[in-house]
Amino acid sequence: GLVNTKELFAKAIKGGYAIPAYNFNNMEQMQAILQACVETQSPVILQVSKGAREYANQTLLRYMAQGAVQYAKEISPDGKGIPIVLHLDHGPDFETCKSCIDNGFSSVMIDGSHLPYEENIKETRRVVEYAHQFGVTVEGELGVLAGVEDDVKAESHTYTQPEEVEDFVKRTGVDSLAIAIGTSHGAFKFKPGENPKIRLDILAEIEKRIPGFPIVLHGSSSVPQDLVKIINENGGKLKDAIGIGEDQLRAAAKSAVCKINIDSDGRLAMTAAIRKVFNEKPAEFDPRKYLGPARTALKELYKRKNIEVLGSAGHA
Ligand code: G3H
Ligand code: 13P
Ligand code: NA
Ligand code: ZN
């Protein structure tokens, strides 16, 4: 069945790599993620956002993820499959987390990062107390990412304050902590001319305060420029799309960062493939003729991420 994050994170920290957390909203994304992770022998966190629940229905996504456990076995040469977590991404409140915990998710995030500190602790603690009764792991967040976090748009980020993390982790009982060190959601993370660096120095400070505690990085797409180019050459209009350098994520993965969230890069890979089909073969109208190439492009991208960026390949 699905597993929680406990053992996966412990192994990742010891091994100096990060587990990929890839968002999915439909069958093709789920298949691409599973194929990539089986072929690279990587554990995987399948994550479902609020937007995904609204788009695809929580129940359908849950059964798709449960089906993925069997699917991974079927496509594994040794028949063993890989560890799979079904995780709620950016849970907005206790009720949403409870609904996911009650309905088969093995991990949830309660995102109280927009709340005042004490309220964040209170809401997070409430989710932890409920989740742990059922063996479900919980991710909390301290600090605010720039960009769009679901409906909440943060104009500027507030980096996580290292002085707060020990208290937060102790009082909430969370299993992992998402931090803000300059990553952000979406494909436009930096303005042209800005220094596109994340604050690895703050990460190091945080690690000193909570040694060996699992850290999560959201907003970790790199916005590959070859994909942006294909999109723009085939009728797209993405101007100044900039992401986090993969070298910085590789460095972070070697630390206590053991979960790295990637969604936007996958969206770019699928869009590039679909635009190419539409542009080069305008007579095609069978969805499999463009969703198929999109699925292949997504799989290839995520295989490369597992091998070259996260270092999770071979750790299933
Ligand atoms: O947190 C952001 C993820 O990329 C999910 O995005 O809310 O549009 O599904 P979404
Ligand atoms: P990106 O938009 O950088 O892919 O971040 C995804 C994310 O953090 C999902 O929670
Ligand atoms: Na790590
Ligand atoms: Zn996120």
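Which strands does helix α5 (residues 94–102) lie across? The answer is in the second legend. Everything here comes from a predicted model, where local features need pLDDT of at least 70, side-chain atom pairs count only at pLDDT 80 or more, and totals for chains, interfaces and linings use all residues. Residues are numbered from 1 along each chain as its sequence is written, chains are lettered from A and ligands numbered from 1 in the order in which they are written, and side-chain values use heavy atoms, with hydrogens and water left out.

**View 1. A barrel built from 8 strands.** Strands here are DSSP E runs of at least two residues, helices are H or I runs of at least four, and both are numbered from the N terminus. Two strands pair if DSSP finds at least two bridges between them. From one strand to the next, the twist averages 25°. Take β5 (residues 137–142) and β8 (residues 176–179): 4 bridges join them, and Leu142 stands opposite Ile179 in β8.

**View 2. Helices α5 and α7 lying across strands.** Helix α5 lies across β3 and β4 (107–110), at about 175° to β4. Helix α7 (residues 162–172) lies across β5 and β8, and runs at about 150° to β5. Angles run from 0 to 180 degrees between N-to-C directions, using axes fitted to C-alpha atoms, for helices over the stretch in contact; contact means heavy atoms within 4.5 Å.

**View 3. Three histidines on the zinc ion (ligand 4).** His90 (NE2), His185 (NE2) and His218 (ND1) are the protein donors, lying 2.1 Å from the ion. Donors are N, O and S atoms within 2.8 Å of the metal (3.2 Å for Na, K and Ca); water is not among the atoms, so sites may look incomplete. Along the chain, the donors follow the spacing H-x94-H-x32-H. His90 sits in strand β3 (residues 84–91) and His218 in the loop between β9 (215–217) and α9 (225–233), so this pair ties together parts 128 residues apart in sequence. His90 is buried at 7% relative accessibility, and His218 is buried at 1%. Buried means under 20% relative accessible area, exposed over 50%, and partly exposed in between (1.4 Å probe, protein chains only).

**View 4. Polar contacts to ligand 2.** A polar side-chain atom of Ser221 lies 2.6 Å from a ligand 2 oxygen. Asp263 brings a backbone N or O atom to 2.7 Å from a ligand oxygen. A polar contact to the ligand is a pair of N or O atoms within 3.5 Å.

Methods
A polar contact is a pair of N or O atoms within 3.5 Å; within protein, one must be able to donate a hydrogen and the other to accept it, and residues adjacent in sequence count only if both atoms are side-chain atoms.
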